[in-house]
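Thanks for asking me to look this one over. Here are my notes, written so that you can follow along with the model open beside you.

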Amino acid sequence: MEYINEVSIQLRMVCTSDDFEELLLEDKLAFMHETRHSFGRTALLLSSGASLGAFHVGVAKTLVEHKLLPRIIVGSSVGSIVGVVLATRFWPELVSFFEDSWHSLQFFDQMGGIFTMVKRMMTHRAVHEIQQL
């Protein structure tokens, strides 16, 4: 909370201060633009772990339903798969994608059993079936 208060104070000082002749309008705008990169932005970070894929889909669906999906989306492994779905669709496509909740989980249901995944890993060096993906 202290950080937020201090940043707010400094932003107000830069915006309203006419005392500093060395701070031209261009300098103030550049400062605000740079501050925007690190302050006030939310991001969705989706982790790896195949079993978490269904949870990632549920979180994404809820964020879309409430129109809270952030502009910055990062994922690793299964999180990157869900992130790609979110990042490569226009808003109407996202809404329709998540309307049928079982449709969005279908990929994870068709991975196969443990023996199927091990066989696929040994023969194709991949856990997932590329056609399903």
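1. **Ground rules.** This is a predicted model, in which local features need pLDDT of at least 70, side-chain atom pairs count only at pLDDT 80 or more, and totals for chains, interfaces and linings use all residues. Residues are numbered from 1 along each chain as its sequence is written, and side-chain values use heavy atoms, with hydrogens and water left out.

2. **Overall fold.** The protein has 7 helices and 2 strands, arranged along the sequence as α-α-β-α-β-α-α-α-α. These elements are DSSP runs numbered from the N terminus (helices: H or I, at least four residues; strands: E, at least two). Of contacts (heavy atoms within 4.5 Å) between residues at least 6 apart in sequence, 58% join residues at least 24 apart.

3. **Burial and surface.** Of the 133 residues, 24% count as buried. Buried means under 20% relative accessible area, exposed means over 50%, and partly exposed lies in between (1.4 Å probe, protein chains only). The accessible surface comes to about 10000 Å², with 61% of it belonging to carbon and sulfur atoms; areas come from the Shrake-Rupley method with a 1.4 Å probe, and for residues only the protein chains shown count as cover.

4. **The core.** The largest nonpolar core has 13 residues, and Leu44, Val64, Leu69, Val82, Leu86, Leu94 and Phe98 have the most contacts inside it. At least two core residues come from each of β1 (43-46), α3 (53-65), α4 (78-87) and α5, and α3 gives the most, with 4 residues. Such a core is a set of buried Ala, Val, Leu, Ile, Met, Phe, Trp, Tyr and Cys residues joined through side-chain atoms within 4.5 Å.

5. **Helix α5.** Which residues of α5 (residues 91-99) are buried? They are Leu94, Phe97 and Phe98. Seen down the axis of α5, the buried residues fall within an arc of 85° (taken from the directions from the helix axis to the C-beta atoms), so they line one face of the helix. Pro92 and Glu99 are exposed on the other side of α5.

6. **A surface patch.** Ile114, Phe115, Val118 and Met122 form a nonpolar patch with about 510 Å² of accessible area together. Patch members have over 30% relative accessible area and no salt bridge; nonpolar side chains (Val, Leu, Ile, Met, Phe, Trp, Tyr) are joined within 5 Å, and like charges within 9 Å. Val118 sits in helix α7 (residues 114-124) and is partly exposed, with a relative accessible area of 43%.

7. **The salt bridge.** The structure holds 1 salt bridge (a side-chain nitrogen of Lys or Arg within 4 Å of a carboxyl oxygen of Asp or Glu). Lys61 and Glu65 form this pair (3.9 Å, N to O); both lie in α3, 4 residues apart, about one turn of the helix.
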